[in-house]
Amino acid sequence: MEPETFPEELADALVGVQRLIRRRLRRQTPDPRLRGAEVELLRLVVARPGVGISDAARELGLAANSVSTLVNQLAEAGHLVRETDPADRRAARLLPTPAAETRLRDWRRRRAELVRRHVARLDEPDRRALRAAVPALRKLADTLHEEAEES
């Protein structure tokens, strides 16, 4: 792999793995299927219950009105609850429903099992290389997130 093509090859590999994982798991996912932005918002709300719409928009790099639309869709589907913030009656706090928490927990469990099965099929040097790459990939994600917050 040439240094000048490495960034593109890395990005293609990451996107390819993510796309294949999603496709495999969607086959077993109950309807209605959630879009990527809806899942991202649900993950954020499960990780930070009570997050506000503007904070969620900033965290996800989306416009507040886009997040508000997602909130309405997810609330209608029974995945989110919107509460009035007692500290600021004009603001809303977002909370996951038990159904949303169960759905995300099940998705994570099935995703981990799928990846575990396929990593086990690799030889030991490849498994070691993937293990060693995880901290660098997390740092890469952090720098991408930081750059998004700066813009």
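Visitor: By about how many helical turns are E124 and R127 separated in helix α6?

Guide: The model shown is a predicted one. Helix α6 covers residues 124-150, and E124 and R127 are three residues apart in it. Because of that spacing, the separation between E124 and R127 is about one helical turn.

Visitor: Which residues are linked with E124 in a network of salt bridges?

Guide: The side chain of E124 meets that of R127 in a salt bridge, at 2.7 Å from N to O. E124 is partly exposed, with 32% relative accessibility. The network of salt bridges links E124 with R127, R128 and R131.

Visitor: How many salt bridges does the structure hold?

Guide: The bridge between E124 and R127 is one example, and another joins R109 to D106. The total for the structure is 11 salt bridges.

Visitor: How far apart are the closest N and O atoms of R109 and D106?

Guide: Both residues belong to helix α5, which spans residues 98-120. R109 and D106 are three residues apart there, about one turn of the helix. In their salt bridge, the closest N and O atoms lie at a distance of 2.4 Å.

Visitor: Is R110, which meets D106 in a salt bridge, buried or exposed?

Guide: D106 and R110 are four residues apart in helix α5, about one turn of the helix, and their salt bridge has an N to O distance of 3.0 Å. D106 is partly exposed, at 26% relative accessible area. For R110 the relative accessible area is 11%, and the limit for a buried residue is under 20%. R110 is therefore buried.

Visitor: Which residues gather with E9 in a patch of negative charge on the surface?

Guide: E9 is found in helix α1, residues 6-26. Its relative accessible area is 35%, so E9 is partly exposed. A patch takes residues with over 30% relative accessible area and no salt bridge. The residues that gather with E9 are E2, E4, E8 and D12.

Visitor: How far apart in space are R27 and D85?

Guide: R27 is placed in the loop between α1 and α2 (36-47). R27 is exposed, with a relative accessible area of 66%. In sequence, R27 and D85 are 58 residues apart. In space, from C-alpha to C-alpha, the distance between R27 and D85 is 38 Å.

Visitor: Which residue in β2 is the bridge partner of V81?

Guide: Strand β1 (residues 80-85) and strand β2 (residues 88-96) run antiparallel, and six bridges join them. A hairpin leads from β1 to β2 through two residues. Within this pairing, the bridge partner of V81 in β2 is L95.

Note on methods:
Residues numbered from 1 in each chain as written. Predicted model: local features only at pLDDT ≥ 70, side-chain atom pairs only at ≥ 80, totals over all residues. Heavy atoms only, no water. Pairing = 2+ DSSP bridges. Patch = residues over 30% accessible without salt bridge, like charges linked within 9 Å, V, L, I, M, F, W, Y side chains within 5 Å. Areas by Shrake-Rupley, 256 points an atom, 1.4 Å probe, with all protein chains shown as cover. Salt bridge = Lys/Arg side-chain N within 4 Å of Asp/Glu carboxyl O. Lys, Arg positive; Asp, Glu negative; His and termini not counted. Charge placed at Lys NZ, Arg CZ, Asp CG, Glu CD. Buried < 20%, exposed > 50% of the residue type's maximum accessible area, 1.4 Å probe, protein only.
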